[in-house]
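Hello,

Here is the structure I promised to pass on to you. Please have it open while you read, as my notes follow directly below.

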Amino acid sequence: MALTLLRGMRTPVSSSSNPGLFFTVLRPRLSRFTARAESAQATEPKAAPSRSIQLATKEAAEQKTQGFEAVIGIETHVQLSTVTKAFCSCPYNYGAQPNSTVCPTCMGHPGTLPLGLALNCEISMTSKFDRKQYFYPDLPKGYQISQFDIPIAKKGYVDLDLPVEFGGGHRKFGITRVHMEEDAGKLLHSESSSYSQVDLNRAGVPLLEIVSEPDMRTGIEAAEYGAELQRIVRYLGVSNGNMQEGSLRCDVNVSVRPVGQSEFGTKVEIKNMNSFSAINRAIDYEISRQILLHKEGQADQIVQETRLWDESSQKTFTMRKKEGLADYRYFPEPDLPEVVLTSDYINEISKSMPELPEAKRRRYENMGLSMQDVLFLANDDTIGHFFDSTLEHGADAKLAANWIMGDIAAYLKDEKVSIDEIKLTPLELSELIASIKNGTISGKIGKEILAELIAKGGTVKGVIEEKDLVQIADPAAIEVMVDKVIADNPKQLEQYRAGKTKLQGFFAGQVMKASKGKANPVLLNKILGEKLNAN
Amino acid sequence: MPSILTFPFPAPHQSSVIPKTRAYQRRPENLPAGRRHAAASPGPPPPHLPPSPPHSRSAPVHRRVSLQSAPATTLAPGPATSSILSIRESLLSGERTAADITSEYLSRLRRTEPSLRSFIHVADAAAEREAVELDRRIASGEKDAVGPLSGVLVGVKDNLCTANMPSTGGSRILDGYRPAYDATAVRRLREAGAIVVGKTNLDEFGMGSTTEGSAFQVTTNPWDDSCVPGGSSGGSASAVSARQCVVSLGSDTGGSVRQPASFCGVVGLKPTYGRVSRFGLMAYASSLDVVGCFGSSVFDTATILSVVAGHDKRDSTSSSQVVPDYASELVSLDLLESKPLTGVRIGIIQETLGEGVANGVISSIKGAASHLEQLGSVVEEVSLPSFSLGLPAYYILASSEASSNLSRYDGIRYGRQVSADDLNDLYGESRANGLGHEVKMRILMGTYALSAGYYDAYYKRAQQVRTLVNESFKDALERYDILISPAAPSAAYKIGEKINDPLAMYAGDIMTVNVNLAGLPALVVPCGFVEGGPAGLPVGLQMIGSQFSEAQRVENPLNNFCHFIQGNLLRVGHIFEQTLQNLSFVPPLLAES
């Protein structure tokens, strides 16, 4: 173990009092974390002990119309995908061996010094770093390098469209500020509960903190806001935005007030949600909890605190109560010079920025696609890219959208792969669409070819030739097959002619089968109809 | 020796004027008689100084540098000589081996250390090994075996990180801590061939003015073992004064190099903020901290600065200004004209010669001022109205930054950890046991000054004062090339004298803190004595220049010739030192042997 440590560390730490892979912090578990179980019930409304979350969510929505509204603001931390940490040259890889990507600087050793950006914001041409000071074992220097009074950007907004299944609608949420800071390490609490350990791999990784205006009113709005930020950072390529890995973390502030009241209610912060769906459910749960307390005259039970979302019980629990406002004793970071941006630099970046989700959605909408299609195609950067690329090869937008949202999406879902992992190229999809349109193959054959291309690759032409799938559009050839099928099924022919005209389908199927699916269905039905009725 | 031509220093055949033995070995006999109070009568101007040669060129000019005007056989006290040059000369000529030189210093170190206690850690065995290795390389005729600082024993203040030695910052909380890396300044010294002989004592994390604030030991003053050596770099100053090492590194946040240099009678240089990388210096107050150096001559100090200065990507506040060869323009006396400082404008800061400043100090400084006048400069009194505001502003800013910088000493990742049942107890007890009284007091002051509701009244106001101090210096330095003042209001005082009176100790920093607030360079050169101790106590003259005026090169675009500005700090300090007659700053401790 100790050997692994020394090999993994770029700079062996000589303090022999802390052997092992982690820095052992202390014997007892942190009291903050143990506090939650016993205090959990305290603010739980007694009237609603064991209701299902779905019910609670539904009720929250109903109760809102009964005189209350929720106010929601979100602080989002986005881990930037930089090659190195913010203020030293260590790499960061999620899941690396604990304390393997650290150096004296990010571990806060004596004498070390720190080194030295789409949300429609005003960019500060000159900003600076500040120190935010508090003690915690995951914070090696005893302070976090952050930005206090001059954030890198402020006063922006995000546009988004709510999913159709949630009622749809366009929303615009304000961004208060965006600032840069460094991440802290991670605490790991042992099973036996007798000590905690610190992994400092993450310490010093650059973060963007994006603070929203309290503009959201429901869980779905908040979840969609988070999802839109994820799309934006992914579109920009600045972060993988992965919530499970902690690359994108949302802390949500929720308060409830009677409709018409202008001041906010007491806000509660919720942490520990690792999916957008969890954000949605956690907020709706919290809203219903607070509204119930209001209704039962227990509004004073709503206190300023941090609550954790517990996925297993689908509830929020008290993590820690706030003892007034923490004094972080911010002051300007003396080890780092001011950050000065030139307008040339900002212009250059604006020019090189890719199309963002909102612009993409508006463009797709203008193509005449339905909002459902728009959201499906634009929500995932890779799918949007595939779709655009297919269109560039001349494909019809609606047809391409149908193929992507149909067979391709089904395959992606079944195989749990992303669209850029399949063997089908946008060029071949456009070829496929063209081949159907010009009658070379039937839609049915098209589906077969698509499956082949997704799994094995190749070209539409290649598969058609290889499998001899060219549509039979020669009336004489089809006539021969129709004649044969009619001759082979005299009984059905008799019934047909006796008035059971539905049997045309049976005959068509038989002919199609005989042609191995290649007969042109329009021609087939025309010839078949003529033959069946020819007496 | 083929390597000779590559040296930036004199070649062996030019060595006739370079002393065969170092100055301090010859002088002790003359000490008592040779010293007198400069205050009584300033040294007369040098009788004859030949005209100056043309200005140095932009290419690395390896002009003949000889610091000894008198023949080597003279025993009369002369101006300070360069120990670095003399060691270099001995090694190149083969006259002495590095092992010889090292053992000479180490034996003096072993003899004097029991009374001085300058070092927290002595790496004598490693120093001897490195010397033997150097000798082997010289003997085998290895090209470039002798670097600019080869065989030069260096003491390093213990708040500078060293990879193979303990680095405690004078604090119990880092007892036994061995960093994984060398501070940039230390690395550069080693790369130039220097031998790090040990880690010198200091006030804990540099907070103090007497070195009594060390968690480990009290260092004494080589001029009087009942006196403090000053601080916080007291160990580094004392070690150079007693020739336990050739030169040393210190750090200066509010005067921690200059005041002990004054107390111990050595040359101390506080470079411009950003001139030397702070990487590996345990931060006390990041916006004020600089790495500085001590030597027994201005030349040695300038040589060290040339080696340690320069941009470092690991310190975002380090300057990318070109580093000149600071020693190259420090010419020997016989090459100087009779009034070498003609045209240099010097301002003597009025506010530093008034109430609260010892009479002996005032007369020494006035003596030094008239000496500078005799050298051809114009000396006038200048008033810096914001001068007295600097001290309180300094203590607020330094304490505020310290309260943040010292947060990392929490017992979690390294250093002393006190086991506790609760996280807050772990922090509290590790810090309560690991940190000393003065450090805790400053953390509390700083925490208070940065707290919500007090920030504007303290931290913000102090920053405003800092701006005023800056402007006031800027204004004065437009009219004068150099400003002079005492380095401290008194000479060395008794151990224990101010230990229970922090305000009295803080008041002693009045001369130096303004310079840190403005980020300016300042040089302290011994200039006289006051009564006290067995042989008087030295007084240092502080010379303050504008940013990066340690040596300013000016390039003539027409002919690509470069010259140094006449009024730069090291040149004026060097001329002052070399023309100081009849004063020798070798402590009586060395005469006893």
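**What encloses helix α17 of chain B**

The buried residues of α17(B) are covered by elements of chain B that include the strands β5 (267-270), β9 (482-486), β10 (522-530) and β11 (537-544), along with the helices α9 (298-308) and α10 (359-374). Please keep in mind throughout that this is a predicted model. If you want to pick them out in your viewer, the buried residues are B:L569, B:L570, B:R571, B:V572, B:G573, B:H574, B:I575, B:F576, B:E577 and B:Q578.

Chain B contains 18 helices and 13 strands. Of its 593 residues, 64% are buried. If you take the contacts in chain B between residues at least 6 apart in sequence, 78% of them join residues at least 24 apart.

B:T211 counts as buried, at 0% relative accessibility. The other is B:S232, located in the loop that runs between β3 (195-200) and α7 (234-241) of chain B. The peptide bond joining B:G231 and B:S232 is cis, with omega at about 10 degrees.

**The nine-stranded sheet of chain A**

Over in chain A, nine strands make an open sheet with mixed pairing, in the order β3-β7-β8-β11-β2-β12-β13-β14-β15. Its edge strands are β3 (122-123) and β15, each of which pairs on one side only.

Which strand of this sheet might you look at for burial? I would go to β12(A), residues 248-258: nine of its 11 residues are buried, so the strand is largely enclosed by the rest of the structure. Strand β2 of chain A (residues 68-79) pairs with β12(A) in the antiparallel sense, over 11 bridges. One pair to look up there is A:V78, whose bridge partner in β12(A) is A:L248. β12(A) also pairs with strand β13 of chain A (residues 268-271), again in the antiparallel sense, over three bridges. In that pairing, A:V254 stands opposite A:V268 of β13(A).

Elsewhere in the sheet, strands β7 (residues 153-161) and β8 (residues 170-182) of chain A run antiparallel and are joined by eight bridges. A:D159 has A:K172 in β8(A) as its bridge partner. Lying across β7 and β8 is helix α7 of chain A (residues 357-366), which runs at about 30 degrees to β7(A).

Strand β5 of chain A (residues 130-133) runs antiparallel to β6(A), and four bridges join the two. Here A:K132 stands opposite A:Q144 of β6(A).

The loop between β15 (315-321) and β16 of chain A holds A:R329. Its phi is near 45 degrees, a positive value in a residue other than glycine. Is A:R329 buried or exposed? With a relative accessible area of 14%, A:R329 is buried, since the cut-off for buried is under 20%.

**A helix pair in chain A**

Last, have a look at helices α11 (residues 426-437) and α12 (residues 443-456) of chain A, which pack at an angle of about 165 degrees with their axes 10 Å apart. α11(A) and α12(A) are therefore roughly antiparallel to each other, and the crossing is right-handed. On the α11(A) side, A:E428, A:L429, A:L432 and A:I436 meet A:G443, A:G446, A:I449, A:L450 and A:L453 of α12(A). By class, this contact has six nonpolar, two polar and one charged residues.

Best wishes

Key
Residues numbered from 1 in each chain as written. Chains lettered and ligands numbered in written order. Predicted model: local features only at pLDDT ≥ 70, side-chain atom pairs only at ≥ 80, totals over all residues. Heavy atoms only, no water. Buried < 20%, exposed > 50% of the residue type's maximum accessible area, 1.4 Å probe, protein only. Pairing = 2+ DSSP bridges. Axes fitted to C-alpha atoms, helices over the stretch in contact; angles between N-to-C directions. Parallel < 35°, antiparallel > 145°, perpendicular 65-115°, else oblique. Left-handed = near helix turned anticlockwise from the far one by under 90°. Contact = heavy atoms within 4.5 Å. Nonpolar A, V, L, I, M, F, W, Y, C, P; charged D, E, K, R; others polar.
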